[in-house]
Amino acid sequence: MLLNDIYLTSLGVRLGRRLDLEEAVADGRYASAEHVANALLGVTVSDDVFAPDLAVDAARVALERAGTDLAPEDVRLLLHASAYFQGQDMWTPASYIQHHTIGGNAPAVEIDQKSNGGMAALSLAAGFLAGCDDDAAVLVTTGERFCLPGFDRFRTESGTVMADGGTALVLGRTPGFARVVSCVLTSDSSLEHMYRGRGLKDAPASGDKPLNMRARKTDFMRKNLDDLESISLQIAGGIGDCLQQALDEAKTDVADVRRFVMPHNGQTVRWWNMLADMGVGQERTTWEFGRQVSHLGSGDQCAGLEHLLTTGQLEPGDRVVLAGTGYGFNWGAAVIEILHLPSWATAADGDRAASAPVPQK
């Protein structure tokens, strides 16, 4: 989807406290071999703040940064994306976030594409705004908290460590600090059974023991031993093809992109090699930031972009790619162009600033 006159107005991020993954290895929570293979260094942990409240905190930051240019009634839609449990069954976290931020009567909608939820929400928001008047805005939030007893952030899934945090972004028709040039969503449902497990159930997990996503994936692999290499390439190719489509629609070459904001997965996932084959080295991605935070589920892209801005790693005229991947399988990508540095961002003097470590919360 090639877009006209859709802009990013502001961003907000609220991360949990940082835990050094060496500590988790030392006390047996995280396997040493995986720590080495994935090359992740830290994870953000929320001890007592629930996922929707992390989203509320991030939204308040984004709304404050938007300033007087954004009135609550200008927000015509709120989209909340998440990958995991939001604190209550049969409940509406999007409405909770709306109640504690903008209020009003705009639709509040949940987006469930797991780790691609943030990108799906961005694309849906941009499409919604294309039919709105110039005063319209959309608030997109994400909120994640992966904790025991229902989820073991170190062992439930492979290839990454799951992190806690909330993010928020405001999109509008009024020119902001960045222009959304293109948005693309794609999918391949032929692989949805990788995470379905052995069958459907009558009730949600009891929560007395952690989910075991690895077991579901192992069962799938055992049934497809002869096709594992092609399946791996299929998944990596999905995010690569989606990313390339967004570039093509934006009439932008890979070489002309300043930074690629990618999911905070470990080095064992195949698409890191795909990026290298495209000529994108890690220094052009948000890897150094992501390995300090680990995987924020649906929130990696917003957090990564905010980090680039607040550490002075972007300048007016830069083009940035945001990309995501989620179970299903679903992929999302967008190309944005930085128009100016917002007042809340710290511009680097001289050379671009190196990625700053995530502060303790």
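Where is the place of L78?

## Strand β4 and L78

L78 sits in strand β4, residues 75-81. Strands here are DSSP runs of E with at least two residues, helices are runs of H or I with at least four, and both are numbered from the N terminus. The model is predicted: local features need pLDDT of at least 70, side-chain atom pairs count only at pLDDT 80 or more, and totals for chains, interfaces and linings use all residues. Residues are numbered from 1 along each chain as its sequence is written, and side-chain values use heavy atoms, with hydrogens and water left out.

L78 is buried, at 0% relative accessible area. Buried means under 20%, exposed over 50%, and partly exposed in between (1.4 Å probe, protein chains only). Leaving aside residues up to four places away in sequence, L78 touches A94, I97, Q98, T101, I102, P107, A108, V109, L139 and T141. A contact needs heavy atoms within 4.5 Å. L78 and I102 are 24 residues apart in sequence, yet their C-alpha atoms are 9.2 Å apart.

## Aromatic rings

The whole structure holds 12 aromatic pairs. One of them joins Y84 and F85 edge-to-face, at 6.4 Å centre to centre and 65° between the planes. Rings of Phe, Tyr and Trp (its six-membered ring) pair if their centres lie within 6.5 Å; planes under 30 degrees apart are stacked, over 60 edge-to-face, and the rest tilted.

Y84 is buried at 18% relative accessibility. F85 is partly exposed at 40%. Y84, F85, F146 and F151 form one aromatic cluster.

## Helix α6

In helix α6 (residues 213-223), the buried residues are M213, K217, D219 and F220. They fall within an arc of 155° seen down the axis of α6, so they line one face of the helix. The arc is taken from the directions from the helix axis to the C-beta atoms. Their cover includes α7 (228-249).

## The second largest pocket

The second largest pocket has a volume of about 330 Å³. Its lining counts 22 residues, with T9, A66, D69, P175 and G176 nearest the centre. Two or more lining residues come from each of α3 (51-66) and β7 (165-172). Strand β7 gives the largest share, three residues.

A pocket is an open set of points on a 1 Å grid over the protein atoms alone, where a 1.4 Å probe fits, with protein on both sides within 12 Å along at least five of seven lines; lining residues have an atom within 4 Å of a point. Points are joined across faces, edges and corners, and the volume is the space filled by probe spheres set on them.
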